[in-house]
Amino acid sequence: MAVYSEQHQYIFFANPQTASKAIALTLKQKLGGVPLPDREITHNGKVVARLHHTTYSQVLAAGLLSEVQLAKLFKFTCVRNPFDQLVSKYIKHCSRLADDPAKYPWLEGVEAASPDNSFPQWVAYLGKHYEEVDKLAKGPLEFLAHADLVIRFEALQEGFDEFLRHIGVTEPLSVTEYNITKGRAEGGVAAPDAGKVKKKKKSYTEYYDAECVGIVEKLYEPILKRFNYRFGD
């Protein structure tokens, strides 16, 4: 979905794995936002506008808003370092699958790999898929097109504050924490005050090998260059 407000004249396009659900929730709870669409829209059996992560072109194709209406709105979205974003995507994808090797096609014919530690194989699988369809992963670019503001995941609140200034909201407003990816914590250190164990977030760099880095650099070259993202940032 996108989130639209007639009152504040904005539309937010939710780019997956960029804290988009947290921003969407904040907009709906505190800034008059409504989901657009509120259901999946199909035409002759084909999906015209997805319920989740609706794009600018889908809003037009479904007739939800016209180009004239969209031109008058403040359009914004989010972006995230693809190296980091892919790790969250992988973890969420695997969490939807049971521990059944048959459901992990990227492990077919691969020895000494298991579903719970197969990120390099998954990235290689993605690379082959995109080579067959297109040489670039263009999905995120759909959300960045037409945006008046792109909020960086790495500076989420600062970017949201800039959005508030654009729509004339002067009252401070924090982004609601929501849908934080589980599974990116490991080990722990004892908290000196209470003897409790605090989980340490696993760095996305720990999932990669040199081959993985090279594949992502090719697939996401436009985004890496545009936003000056690098491996290890």
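1. Tyrosine 10 stands opposite phenylalanine 74 in β6. The two residues belong to a pairing of β2 with strand β6 (residues 74-79), which runs in the parallel sense over three bridges. Strands count as paired if DSSP finds at least two bridges between them. Strands are DSSP runs of E with at least two residues, helices are runs of H or I with at least four, and both are numbered from the N terminus.

2. This is a predicted model, in which local features need pLDDT of at least 70 and side-chain atom pairs count only at pLDDT 80 or more, while totals for chains, interfaces and linings use all residues. Residues are numbered from 1 along each chain as its sequence is written, and side-chain values use heavy atoms, with hydrogens and water left out.

3. β2 also pairs with strand β1 (residues 2-5), here in the antiparallel sense over four bridges. Tyrosine 4 has isoleucine 11 of β2 as its bridge partner. The two strands form a hairpin with four residues between them, and glutamine 9 in the turn has a positive phi of about 55°.

4. Is strand β2 (residues 10-13) covered on one face or on both? Both faces are covered: Tyr10 and Phe12 are buried on one side, Ile11 and Phe13 on the other. Buried means under 20% relative accessible area, exposed over 50%, and partly exposed in between (1.4 Å probe, protein chains only). In a regular strand the side chains alternate between the two faces of the sheet.

5. The structure holds three salt bridges, each being a side-chain nitrogen of Lys or Arg within 4 Å of a carboxyl oxygen of Asp or Glu. One of them joins aspartate 148 and lysine 75, with the closest N and O atoms 3.7 Å apart. This pair links distant parts of the chain: aspartate 148 is in the loop between α6 (139-144) and β7 (149-152), and lysine 75 is in strand β6, 73 residues apart. Aspartate 148 is partly exposed at 46% relative accessibility, whereas lysine 75 is buried at 7%.

6. Arginine 80 forms a salt bridge with aspartate 84, at 3.2 Å between the closest N and O atoms. Both of these residues are buried.

7. Lysine 225 and glutamate 221 meet in a salt bridge of 3.0 Å, N to O. Both lie in helix α9 (residues 221-226), four residues apart, about one turn of the helix. An α-helix has 3.6 residues a turn, so residues three or four places apart point the same way. Lysine 225 is exposed at 63% relative accessibility, and glutamate 221 is partly exposed at 35%.

8. Helix α8 (residues 210-219) has Cys212, Val213, Ile215, Val216 and Leu219 buried. Seen down the axis of α8, the buried residues fall within an arc of 165°, so they line one face of the helix. The arc is that of the directions from the helix axis to the C-beta atoms. The face turned away from the buried side carries the exposed residues Ala210, Glu211 and Lys218.

9. Cysteine 78 is buried at 0% relative accessible area, and cysteine 212 is buried at 1% relative accessibility. With a disulfide taken as a pair of cysteine sulfur atoms within 2.5 Å, the count is zero.

10. For the chain overall, there are nine helices and nine strands, and buried residues make up 42% of the 233 residues. Among contacts between residues at least 6 apart in sequence, 66% join residues at least 24 apart, a contact being heavy atoms within 4.5 Å.
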